[in-house]
Structures are given as C-alpha cells and as structure tokens.
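Hello,

I am handing over the structure we talked about. Please look through it first, then read my notes below.

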Amino acid sequence: QVQLVESGGGLVQAGGSLRLSCAASGRTLSSYAMGWFRQAPGKEREFVAAISGNGGNIYYGDSVKGRFTISRDNAKNTVYLEMNSLKPEDTAVYYCAGSYSIWGYRVKIATTDYDYWGQGTQVTVSS
C-alpha cells in the first residue's frame, strides 16, 4: 500500500509559477511509475505528466509541454511538478498517482494504469 499526499497548490496570476510536491509513504517509491493528472470542474480527469521509476523516461500531455516539468527524488520518496507560464486553463485539482512496475523504465499515462492516488491539491490561475 502506498499513501500519496500532494502539496504546493494555491492561487497564482497568469504567467506565474508553482511547484507541486507528492510525498509517498508505505513503500519505496523507486518501484513505482508516477504521474500527475488534473481535473477541472465538469471535465474528465486529464493526464499531465508521467515519470518512470528510475526517472529515465518522462512524458507530458500536449497542453503542458514546454511549460511543466516532472521530476522525482527517490531518496526523499517525493515527486515534483514544476509549473511555469501558468494559464487560466491550467486551473484544476491536481492529483498525484502511483503504479507499481517491475520495469523501472516504464511510463504510464492512462488513469486506469494507476492504483494509488493522492487527495489532490487545488491550483487556481487568475487572468
């Protein structure tokens, strides 16, 4: 069992930056592919970014490419999402997710790939 807790959300003006953190407990994070998703009111949960267990493979959703950066520190059991050049359309609840993988290089991008989810952190970007 893995417990995930997100932090770092808040209110920011368009063009600003935020850094989200996802702290994991219960298991060694290096055995887990990790991802960030977001969900705006009335919309489906959307893939944002994913990183393999060994950190060597990364994938981004089209809407955040070039603006967001996912990273992980397995020694600290933490995954990060650095968000720059934020836009009002980035407003959503952001969720961290984890999925056990024996393949350290594997990246997962579908919500159904993930077994563990955090409670979410609100990001609001004002225009």
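A residue counts as exposed when its relative accessible area is over 50%, and as buried when that area is under 20%. Ile102 has 60% relative accessibility, so Ile102 is exposed. Keep in mind that this is a predicted model. Ile102 sits in the loop between β9 and β10 (116–117). Its C-alpha lies 8.9 Å from that of Gly53, although 49 residues separate the two in sequence.

Now to Asp90. Asp90 is in the loop between β8 (78–83) and β9 (92–100). With 1% relative accessibility, Asp90 is buried. Its side chain makes polar contacts with two arginine side chains: Arg38 at 2.8 Å and Arg67 at 2.7 Å. Leaving out residues up to four places away in sequence, Asp90 also touches Phe68, Ser85, Val123 and Val125.

Next, the charged pairs. The whole structure has 5 salt bridges. Arg67 and Asp90 form one of them, at 2.7 Å from N to O. Arg67 lies in the loop between β6 (58–60) and β7 (68–73), and Asp90 in the one between β8 and β9, so this pair ties together parts 23 residues apart in sequence. Arg67 is buried too, at 10%.

Arg38 bridges to Glu46, with the closest N and O atoms 2.8 Å apart. Arg38 is buried at 5%, whereas Glu46 is partly exposed at 30%. Salt bridges link Arg38, Glu46, Arg67 and Asp90 in a network.

Another bridge joins Asp62 and Lys65 at 3.2 Å. Asp62 is exposed at 65%, and Lys65 is partly exposed at 47%.

Best wishes

Definitions and conventions
Residues are numbered from 1 along each chain as its sequence is written. This is a predicted model: local features need pLDDT of at least 70, side-chain atom pairs count only at pLDDT 80 or more; totals for chains, interfaces and linings use all residues. Side-chain values use heavy atoms; hydrogens and water are left out. Helices (H or I, at least four residues) and strands (E, at least two) are DSSP runs, numbered from the N terminus. Buried means under 20% relative accessible area, exposed over 50%, partly exposed in between (1.4 Å probe, protein chains only). A polar contact is a pair of N or O atoms within 3.5 Å; within protein, one must be able to donate a hydrogen and the other to accept it, and residues adjacent in sequence count only if both atoms are side-chain atoms. Contact means heavy atoms within 4.5 Å. A salt bridge is a side-chain nitrogen of Lys or Arg within 4 Å of a carboxyl oxygen of Asp or Glu.
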